[in-house]
Amino acid sequence: MEVCYISKMPPLQSIFSMVGGFTLGGIYYYFSSWKAIPLVNAGLMFCGLICLALPESPHWLLTNSGAEVATEVLIKMARWNGCEEKVAGKIQLIAPDTKNKEGGDVMTLLRNRDYLLVSLQLFYQWFLVSVLSYGFLYSLDKIAGDLVVNFLIMSSISVPFALLTTAVMSYIGRRSALILNWSVVIVCCGIAMLRLNIGWGWTTERFAVVIGSKWGVVSSWMVVYCLTNEALPTSIRATASSTGSIFGRVGAFIAPFVVKHLRKSNFRMMYGIFIGLTVLGMIIGRTLPETKGRNLQETMETDSESDVDIVKH
């Protein structure tokens with residue numbers, strides 16, 4: 001996020017996440033032995049060491065180490081992309097006056113009232129995404145007869161919706177895209193409550209849950225992830241994203257208990273709870289800042305208009 005041209009960069013990392021889920025299903029399909037699966041996963045994790053070769057974020061360096069170090073990294077990135085001559089002598093960075101005065105821990109976030117409020121709004125969105133994602137997952141009957149094939153099908157469905165959301169976010173903005181996705185979830189929950197037979201062994205509930213979980217929830221996760229990174233300054237961005245992920249794990253913990261107790265006894269109440277939580281998410285989402293086209297903010301004492309778009313320059 002911090003090393004890309006933020007005004008044009010769609011959340012492609014979310015699409016690769018969907019592809020990763022599809023790959024995981026393929027691994028389980030072709031390697032049936034429980035001994036082979038951990039070895040394959042360990043090999044893929046070992047490949048992740050390539051991240052050690054990635055440059056440090058120029059945004060983070062500008063805030064914490066000064067303009068000189070950030071400039072060196074930018075020139076290194078330009079050399080990798082074969083355009084060092086085009087940027088040589090043209091990069092002029094000015095480190096924020098608050099360099100090294102802001103910490104990046106949770107207490108720094110708690111002390112700033114404005115950013116704390118925005119963070120809490122985003123944390124609820126993280127919680128809501130996980131509750132709905134796992135709630136739909138556990139309430140969905142198998143599409144295929146095999147659990148792994150079912151996982152592969154659901155992962156493949158995610159990819160086109162991820163591409164669609166990328167285009168929608170770039171066109172109407174992050175906040176409007178979030179409201180649209182939550183509206184899809186509400187409609188799908190309402191259809192699921194009918195539970196009508198539509199043929200071929202399908203019911204309105206199954207159809208609505210597939211669409212709601214992949215269009216509404218997965219797309220909302222893409223928007224929330226992007227908003228969290230764009231709405232908060234570099235000094236607390238990593239802390240806020242990590243804390244949001246914790247709130248998401250809380251939602252993932254709660255969802256199975258809701259489904260277990262209400263799926264068979266009172267499924268309409270279950271979807272009613274999902275609708276209520278989503279409506280609250282829409283209301284909160286309306287108050288979030290729009291970040292489409294904004295530069296990444298460096299510190300809590302500056303705004304996106306005064307900060308430098310590092311990649312552009």
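At what angle do helix α7 and helix α12 pack, and how far apart are their axes? In this predicted model, helix α7, which spans residues 113–139, packs against helix α12, formed by residues 267–286, at an angle of about 155°, and the two axes lie 10 Å apart. Angles over 145 degrees count as roughly antiparallel, and α7 and α12 are therefore roughly antiparallel to each other. The crossing in which α7 passes α12 is left-handed. On the side of α7, the contact is made by Gln121, Tyr124, Gln125, Leu128, Val131, Leu132, Gly135, Phe136 and Ser139, while α12 contributes Met270, Tyr271, Phe274, Leu277, Thr278, Leu280, Gly281, Ile284 and Gly285. When these residues are sorted by class, the contact of α7 with α12 comprises 11 nonpolar and 7 polar residues, with no charged residues.

The setting of this helix pair is a protein whose secondary structure comes to 12 helices and 2 strands, arranged along the sequence in the pattern α-α-α-α-α-α-α-α-α-β-β-α-α-α. Of the 313 residues in the protein, 45% are buried. Among contacts with a separation of 6 or more, 79% are accounted for by residues 24 or more positions apart.

The largest nonpolar core holds 47 residues, and the members that touch the most other members are Phe136, Trp182, Tyr271 and Phe274. Two or more residues are given to this core by each of α7, α8 (147–172), α9 (174–192), α10 (204–231), α11 (234–262) and α12, and the largest share, 12 residues, comes from α7. Phe136 of α7, together with Tyr271 and Phe274 of α12, also takes part in the contact between these two helices. For Trp182, when residues up to four places away in sequence are not counted, the residues touched are Gln125, Leu128, Val129, Leu132, Gly216, Ser220, Thr278, Gly281 and Met282. Several of these partners, including Gln125, Leu128, Leu132, Thr278 and Gly281, likewise belong to the contact of α7 with α12.

A further residue of helix α7 is Ser130. Residues under 20% relative accessible area count as buried, so Ser130, at 7% relative accessibility, falls into the buried class. With its neighbours within four places in sequence left aside, Ser130 is in contact with Gly135, Gly248, Arg249, Gly251, Ala252 and Ala255. Of these partners, Gly135 is also one of the α7 residues that make the contact with α12.

Key
Residues numbered from 1 in each chain as written. Predicted model: local features only at pLDDT ≥ 70, side-chain atom pairs only at ≥ 80, totals over all residues. Heavy atoms only, no water. Axes fitted to C-alpha atoms, helices over the stretch in contact; angles between N-to-C directions. Helix = DSSP H or I, 4+ residues; strand = E, 2+ residues; numbered from the N terminus. Parallel < 35°, antiparallel > 145°, perpendicular 65-115°, else oblique. Left-handed = near helix turned anticlockwise from the far one by under 90°. Contact = heavy atoms within 4.5 Å. Nonpolar A, V, L, I, M, F, W, Y, C, P; charged D, E, K, R; others polar. Core = buried A, V, L, I, M, F, W, Y, C linked by side-chain atoms within 4.5 Å. Buried < 20%, exposed > 50% of the residue type's maximum accessible area, 1.4 Å probe, protein only.
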